[in-house]
Amino acid sequence: MKAILQGMINTMNSVKPPRMTALRELHEAETGGPFSILIGTILSARTKDENTAKVVKVLFSRYKNSRALAGAKVRDVEKIIKSVGFYHVKSKRIIQVAKIINTKYGGKVPEDIDSLTSLPGVGRKTANCVLVYAFEKPAIPVDIHVHRISNRLGLVDTKTPEDTEQELMRIIPKKYWLEINDTFVMYGQNICKPISPMCNVCKIRRKCSHYAKTSSTR
């Protein structure tokens, strides 16, 4: 796994050093506490990373914590997050989550998968993102990029992100789990794209099942 991760990083740096993912940006920010990462992950669904990062920065400049966001008006939050997809639904959801975090958990985001997935609209991917980016606890958040690249490489042969997560957890040593999402997402956004992946520059193509199949038909 080390060679694959390093090969991805080397490829991206040789083409053009990629910008940080939105969640990594939140993690690195001075104000990037667990609550902002939880809310940022909810907002990031079906939204470009650059939109997510900008919106979260503005949102938390106005609502500093779960108590403040819990008391926000939906229409005010909608105005701030309007550039993200499904902002009507997401505005109500993040206020609802803020209320639960504030009342049930005393303003602190829980650090276990079961408590996180009990929150409205929080599935395993979002919960695992919080574990990785907020608490640096080993987990493998599987989004469309992780799912696609894992199958293209031939690491797994799975139909759903949930199956991919379970299989990756089985075959990849835990010491690499914290790196998987961030590296695979950047690679999926910049190199191994859904359409027309840049196989010609990929430094791990010799390890890739997809490349082996497509190159044999050329």
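Mentor: Happy to! Let us begin with helix α11, residues 161–171, whose buried residues are Thr164, Glu165 and Leu168. Those three span an arc of only 100° around the axis, so they sit on the same side of α11. The arc is taken from the directions that run from the helix axis to the C-beta atoms. Buried means under 20% relative accessible area, exposed is over 50%, and partly exposed lies in between (1.4 Å probe, protein chains only). Helices are DSSP runs of H or I with at least four residues, strands are E runs of at least two, and both are numbered from the N terminus. An α-helix has 3.6 residues a turn, so residues three or four places apart point the same way. The buried residues of α11 pack against α9 (124–135), α10 (144–153) and α12 (177–190), where contact means heavy atoms within 4.5 Å.

As for the background, this is a predicted model: local features need pLDDT of at least 70, side-chain atom pairs count only at pLDDT 80 or more, and totals for chains, interfaces and linings use all residues. Residues are numbered from 1 along each chain as its sequence is written, and side-chain values use heavy atoms, leaving out hydrogens and water.

For comparison, look at helix α6 (residues 74–81), with Asp76, Val77, Glu78, Ile80 and Ile81 as its buried residues. Their cover includes α3, α4, α5 (66–70) and α7 (87–104).
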